[in-house]
Amino acid sequence: MTLLLLIRHAENDYSKRGRLAGRLPGVHLNERGRQQADNLGQALRGAPIKALYSSPLDRAMETAKPIARALQISIQREVGLVETDVGQWQGRSIRRLALTKAWRVFQQAPSRARHPGGESMVETQARVVSALEEICDRHKPRDLVACVLHSDPIKLAVAHFIGLPLDHFQRLGCDTGSTTLLAV
């Protein structure tokens with residue numbers, strides 16, 4: 001049973017201001033986010049982490065760097081851990097999106113929802129779970145492996161592994177710079 005430490009990237013101006021960054025390039029950690037990332041590195045110093053994987057997006061890689069330095073290991077980019085493709089919602093305000101019918105569908109029945117021009121939540125969950133299972137297959141049972149990724153992918157993965165229906169995944173919390181431990 002591999003132990004996965006799922007780490008949400010630290011704060012950036014999009015997450016702070018309630019905007020969907022999606023897969024936009026150039027979304028970097030803000031000052032508080034850099035401090036969160038440094039704190040994660042300090043907190044995990046000396047942990048028996050065997051490998052560190054990260055979504056290739058800037059905010060995730062910037063969160064992973066202090067952890068990699070503290071552990072003296074390299075970061076392995078993992079495309080399967082990338083943020084949900086939110087399509088046409090990329091860069092938009094959550095407050096404005098909340099006024100739309102499509103947003104209400106996401107809140108009430110995410111298993112039936114697709115981002116306009118992007119991924120469905122079912123597709124995101126399948127992609128992330130597959131990536132995490134492949135990561136587990138690369139390691140020995142009881143290895144501790146850290147993965148830096150994004151809020152919805154973390155919550156979707158946790159929902160899958162604990163048997164929570166996808167339509168309830170938003171009941172889970174996942175703050176910037178937080179860690180979630182899963183035994184897979």
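Which residues lie nearest the centre of the largest pocket? The legends below refer to a predicted model.

**View 1. The largest pocket and its lining.** Arg8, Leu20, Ile94, Ser151 and Asp152 lie nearest the pocket centre. The lining comprises 30 residues. The space inside is about 550 Å³. By type, the lining residues are twelve nonpolar, eleven polar and seven charged. Helices α1 (13-16), α5 (101-108) and α7 (151-162) each contribute at least two of the lining residues.

**View 2. The largest nonpolar core.** This core has 18 residues. Leu4, Leu6, Leu81, Leu132, Ile135 and Cys147 have the most contacts inside it. At least two residues come from each of β1 (3-8), β2 (49-54), α6 (121-137), β4 (144-149) and α7. Helix α6 gives the most, with five residues.

View 3. Beyond its neighbours within four places in sequence, Leu132 is in contact with Leu4, Leu6, Leu81, Cys147, Ala157 and Phe161. A second, separate core has 14 residues, among them Ile49, Ala60, Ala64 and Ile67.

**View 4. An aromatic cluster of Trp89, Trp103 and Phe106.** Ring pairs link these three residues. The structure holds two aromatic pairs. Trp89 and Trp103 form a tilted pair, 5.5 Å centre to centre with 40° between the planes. Trp89 sits in the loop between β3 (75-77) and α4 (94-97) and Trp103 in helix α5, so the pair ties together parts 14 residues apart in sequence. Both Trp89 and Trp103 are buried. Trp89 and Phe106 have ring centres 5.2 Å apart and planes at 55°, so this pair is tilted. Trp89 and Phe106 are 17 residues apart. Relative accessibility is 4% for Trp89 and 5% for Phe106.

Key:
Residues are numbered from 1 along each chain as its sequence is written. This is a predicted model: local features need pLDDT of at least 70, side-chain atom pairs count only at pLDDT 80 or more; totals for chains, interfaces and linings use all residues. Side-chain values use heavy atoms; hydrogens and water are left out. On a 1 Å grid over the protein atoms alone, a cavity is a set of points where a 1.4 Å probe fits but cannot get out, and a pocket is an open set with protein on both sides within 12 Å along at least five of seven lines; lining residues have an atom within 4 Å of a point. Grid points are joined across faces, edges and corners, and a volume is the space filled by probe spheres set on the points. Helices (H or I, at least four residues) and strands (E, at least two) are DSSP runs, numbered from the N terminus. Ala, Val, Leu, Ile, Met, Phe, Trp, Tyr, Cys and Pro count as nonpolar, Asp, Glu, Lys and Arg as charged, and the others, Gly among them, as polar. A nonpolar core is a set of buried Ala, Val, Leu, Ile, Met, Phe, Trp, Tyr and Cys residues joined through side-chain atoms within 4.5 Å. Buried means under 20% relative accessible area, exposed over 50%, partly exposed in between (1.4 Å probe, protein chains only). Contact means heavy atoms within 4.5 Å. Rings of Phe, Tyr and Trp (its six-membered ring) pair if their centres lie within 6.5 Å; planes under 30 degrees apart count as stacked, over 60 as edge-to-face and the rest as tilted.
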